[in-house]
Amino acid sequence: MTAPLANAKPPTGLIDNARVSLDFSARGLQTADQPWSLYAFGIDLHTVVSSERGDIGTLTIQPYVLRIENEPQRPALFSQDSDHALQWRITNFNYTGFGQGRFNIRVGHFEVPFGLEQVVQTNGTLNQMNSPAALGLKADWGYSINGELPNFEYEFAFMRGGGNSWNTDANGYFAGRIGLPRQRRWWIAASLLDGEMETGATPIDRFRWGVDAGIRLPYGTHAMIEYTAGDDAGHDQQHTLVELGFTSRSEATVTYVQHRNSRRASAGPTAQNQTSSLGIRFEPSPRWSGSFEYQHQHEAERDPGSFIAQIRLRT
Amino acid sequence: MTAQQVSAVAFCALRDPVNTIYALFPEADGYRSSVRTVGRPARETVVNELPATLHFNELGRHTLYIALKEGRPIGLVHARSEADEWGITEYAWAISPGKEIRDVIIQRSRNPVVRKMPREAIVEVARGKSRDALKSYYTSAKQQGQSVTANIAIAALKVLVITQSVWPDEFNSLMAQAPAPAALPTANAEPIPILYDQIALTRLSNIGLDSSPAFRRPLLQGYRITDPATRKPLLLVRAPFDLGERKGILWWTLDAQGEVISVIDETTSEPDERFASVVGYAPLSMKDCSNLADLAALELATLSRHHASG
């Protein structure tokens, strides 16, 4: 007997297996104090490199140019309230040739393996998880081992500590998450982070441990929770996020309610913040989505509410 | 998020359904991805051939996974979403060397009936059925108001039609890939999609072989061949085995009465001396067995008699 399927020309990957999209979004926040806006334009490239004997790895490249206007609480990426910057969102190569999905090696810029950020797609969306608040950053340059087995999934990484920037004075840190596979109806996972990162003017020693869990309930409802604790150079930190969401039957509409609680000790008074959010995302086609979120800052002395809206277009 | 769930979100959300691929093909030790565009031609094919359509959200770039064993393709895995009155059900379909549905896993579903259905009940709707048989099943189920099984049947039909339309090389060339020893009469070999179908399992259970002492059943591949000398039908089975110090892949040939014609080692292409005692033997029950080789022969003899009877 012959092996005719082996005669089918296997894709070379880079071209045959590529997905490419131009991605544009415009976001505006309206508060009583000062409205600001954020524009993002980028390329989203994803491809699988294959050989006859199987997949070799996955390449993702996402360079985005961002422009902010009048944003007083700008991310570290920007140096002025109105500024532009190049952001490497998720840009890495995940080598899968060893264990075919069970044991992979990732190199590049990717999400810090910690908490709900690992299981929820937040890039370019309003519906964010807690990594920016709890860890100081979402993604960083580094390398990791990762994989998926029948009873658990994992990723353990060493990261540089500079976030979007390759150059950093930080010594780097370890971060890892291990938990039940996310495809299950419910999951639970544990995370750990320890080392030095540079999310402010100077590097800081940061330690975090966390637990996250989620469940898919009937009628398109989901619930998630993340608890993170640790310290920054000896000053205790605690962060909690709870989300309840609903997805429509066609999956074109997602609504969610979030509550976040953070407690940050420092040399001065301990800062406590509580924020509740109500959001909706409308995706009538693969080409565009519209999102809206109301945020309520419980500790604000005046004007606690703000509105954010975003429209996103993809080719 | 699987390759099929991407809508207006970034591609970094894509993840291979690793556990699903190995659950559908436990004998696989790897897989290869093939990304193609499901576009207007595929939509027209579905509309022309089936009582169904493709929603525009089902179009775009999709991934087919080719399950591999020792570098050789052994089947296809194609995940697709289907909508019903409750919402989206995401199926991961396994397509066998016979170009039919071999297995399916429900990755998620909002339909409470589907969520509670045993996996075997879902699989049986589509397993081993030709396209015409699936269309007949769908029509009958719709007429009887059995919406859940009708939806499963139409989902299976769509995945077969779309896979053939969008990945013609991989689909049309789908055949067992095992390199049979040259001495075996493999011309016009017809793969048996399900060697251990429900009736075969019942017959094996009736003679005391609920489980196999000799084989890991999902790894066996069966073919109908013809003896070139007598023109009589034979069963050919590729059977990996691992019994501690005895490990390898053997090719068994049996006639319609269950008599063992030959047992050939795949590596040497020579008769395997360890099983020489069963050549010419046609065991009928456990009483005819005194060692592991006899038990292996009894299991395959039972399968041979079953598949010869049609």
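This report walks through charged and aromatic side chains in a predicted model.

Let us begin with charge. Side chains of opposite charge can pair when their charged atoms come close. Over all chains, the structure holds 27 salt bridges.

One of them crosses between chains, joining B:Arg15 in the segment before helix H1 (18–24) of chain B to A:Glu148 in strand S8 of chain A. The N to O distance in this salt bridge is 3.0 Å. How covered are the two partners? B:Arg15 is partly exposed, with a relative accessible area of 24%, whereas A:Glu148 is buried at 3%.

## Two bridges within chain B

Now look at chain B by itself. B:Glu27 and B:Arg102 form a salt bridge whose closest N and O atoms are 3.0 Å apart. This pair links distant parts of the chain: B:Glu27 sits in the loop between H1 and strand S1 (30–38), B:Arg102 sits in strand S5 (residues 101–109), and the two are 75 residues apart. B:Glu27 is buried, with a relative accessible area of 10%. B:Arg102 has 19% relative accessibility, and because buried means under 20%, B:Arg102 counts as buried too.

A second bridge brings together the side chains of B:Arg80 and B:Glu58, at 2.9 Å from N to O. B:Arg80 belongs to strand S3 (residues 72–84) of chain B, while B:Glu58 is in the loop between helix H2 (40–49) and strand S2 (60–69), so the pair ties together parts that are 22 residues apart in sequence. B:Arg80 is buried at 3% relative accessibility, and B:Glu58 counts as buried at 13%.

## A network of shared partners

Some salt bridges share partners. Which residues do they join into one network? They are A:Glu148, A:Glu153, A:Arg177, A:Arg182, A:Asp212 and B:Arg15.

## Aromatic rings in pairs

Next come the ring-bearing side chains. A pair of aromatic rings is described by the distance of the centres and the angle of the planes. A search of the whole structure finds 18 aromatic pairs over all chains.

Take A:Tyr95 and A:Phe98: their ring centres are 5.0 Å apart and their planes stand at 80 degrees, so this pair is edge-to-face. A:Tyr95 is partly exposed, with 29% relative accessibility, and A:Phe98 counts as exposed at 54%. Another pair, A:Trp141 and A:Trp166, has ring centres 5.8 Å apart and planes at 80 degrees, so it is edge-to-face as well. Here the partners come from distant parts of the chain, 25 residues apart: A:Trp141 is in strand S8 (residues 139–148) of chain A, and A:Trp166 is in the loop between strand S9 (153–159) and strand S10 (172–179). A:Trp141 is buried at 14% relative accessibility, whereas A:Trp166 is partly exposed at 47%.

Rings can also be grouped. A:Phe152, A:Tyr154, A:Phe156 and A:Phe174 form one aromatic cluster.

Which residues form a positive surface patch? A:Arg185, A:Arg216, B:Arg115 and B:Lys116 do.

Have a closer look at B:Arg115, which you will find in helix H3 (residues 112–116) of chain B. B:Arg115 is partly exposed, with a relative accessible area of 39%.

Notes
Residues are numbered from 1 along each chain as its sequence is written. Chains are lettered from A and ligands numbered from 1 in the order in which they are written. This is a predicted model: local features need pLDDT of at least 70, side-chain atom pairs count only at pLDDT 80 or more; totals for chains, interfaces and linings use all residues. Side-chain values use heavy atoms; hydrogens and water are left out. Patches are made of residues with over 30% relative accessible area and no salt bridge: like charges are joined within 9 Å, nonpolar side chains (Val, Leu, Ile, Met, Phe, Trp, Tyr) within 5 Å. Accessible areas come from the Shrake-Rupley method with a 1.4 Å probe; for residues, only the protein chains shown count as cover. A salt bridge is a side-chain nitrogen of Lys or Arg within 4 Å of a carboxyl oxygen of Asp or Glu. Lys and Arg count as positive and Asp and Glu as negative; His and the chain ends are not counted. The place of a charge is taken as NZ of Lys, CZ of Arg, CG of Asp or CD of Glu. Helices (H or I, at least four residues) and strands (E, at least two) are DSSP runs, numbered from the N terminus. Buried means under 20% relative accessible area, exposed over 50%, partly exposed in between (1.4 Å probe, protein chains only). Rings of Phe, Tyr and Trp (its six-membered ring) pair if their centres lie within 6.5 Å; planes under 30 degrees apart count as stacked, over 60 as edge-to-face and the rest as tilted.
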